Amino acid sequence: MTELYKKYRPTEFNEVVGQSISSQIEKLLLNKKFPHSSLFAGSSGCGKTTIARIIRTKLNCSDTDFNEVNCADFRGIDMVRDIRSVMNLAPMAGDVRVWLIDEAHHLPAAAQNAFLKMLEDTPAHVYFILATTEPEKLLKTIRTRCTTFKVAALNIVDAEKLVEDIAKKEDCFLTEEVVD
């Protein structure tokens, strides 16, 4: 049985609820102007990772060329060196290679400094998407090399509607008290 958050995770921008940045990102992708280094900042659970995964599909990045690194687990300079050692290689199956650096604020200063050069000299076929709940913990030089997208927390009205819609799809009755 699939967990509901996985089953109903958006795979297209029009499925993303409550994010005004979705149309801005779609426009950038449509015009082939999406930045090679981007930073998604917002509270936990607001959709940063989901939006990044949609972007990678819109960039025609294959599963084999997509790398998602959770810096809460892997955050040392060796991780940055590993990326640097393969980032210049051509994509294996898609058009581009994408690295999603999740929880980027956990990167120590040494790793952030090593990451700077990669952000400055990103090959045309490489995209770095950093996601964080605490952008202020990233070096200013990292933040200035990325285009920042602020991902808003879901407002209460949108959250209630989302819960009601999923309950209806699951053929599950929820009282108003539960939805609230």
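In this predicted model, helices H2 and H3 run roughly parallel to each other, because the angle between them, about 20°, falls under the 35 degrees that set the limit for this class. H2 spans residues 21-30 and H3 spans residues 48-58, and their axes lie 11 Å apart. The crossing of H2 past H3 is right-handed.

In one of them, Arg-53 meets Glu-68, with 2.9 Å between the closest N and O atoms. Arg-53 belongs to H3 and Glu-68 to strand S2 (residues 66-70), so this pair ties together parts 15 residues apart in sequence. Arg-53 is partly exposed at 27% relative accessible area, and Glu-68 is likewise partly exposed at 36%.

A second bridge joins the side chains of Arg-97 and Asp-65, at 3.9 Å from N to O. Here strand S3 (residues 97-102) supplies Arg-97 and the loop between H3 and S2 supplies Asp-65, so the pair links parts 32 residues apart in sequence. Both partners count as buried: Arg-97 has a relative accessibility of 6%, and Asp-65 has 0%. Glu-3 and Lys-6 form another salt bridge, with their closest N and O atoms 3.7 Å apart; Glu-3 is partly exposed at 38%, as is Lys-6 at 46%.

Turning to helix H7 (residues 156-169), this element contains Leu-162, which is partly exposed at 32% relative accessible area. Together with Val-17 and Leu-154, Leu-162 forms a nonpolar surface patch of about 190 Å² accessible area. Glu-164 also lies in H7 and is partly exposed at 42%.

Technical notes: Residues numbered from 1 in each chain as written. Predicted model: local features only at pLDDT ≥ 70, side-chain atom pairs only at ≥ 80, totals over all residues. Heavy atoms only, no water. Patch = residues over 30% accessible without salt bridge, like charges linked within 9 Å, V, L, I, M, F, W, Y side chains within 5 Å. Areas by Shrake-Rupley, 256 points an atom, 1.4 Å probe, with all protein chains shown as cover. Salt bridge = Lys/Arg side-chain N within 4 Å of Asp/Glu carboxyl O. Helix = DSSP H or I, 4+ residues; strand = E, 2+ residues; numbered from the N terminus. Buried < 20%, exposed > 50% of the residue type's maximum accessible area, 1.4 Å probe, protein only. Axes fitted to C-alpha atoms, helices over the stretch in contact; angles between N-to-C directions. Parallel < 35°, antiparallel > 145°, perpendicular 65-115°, else oblique. Left-handed = near helix turned anticlockwise from the far one by under 90°.
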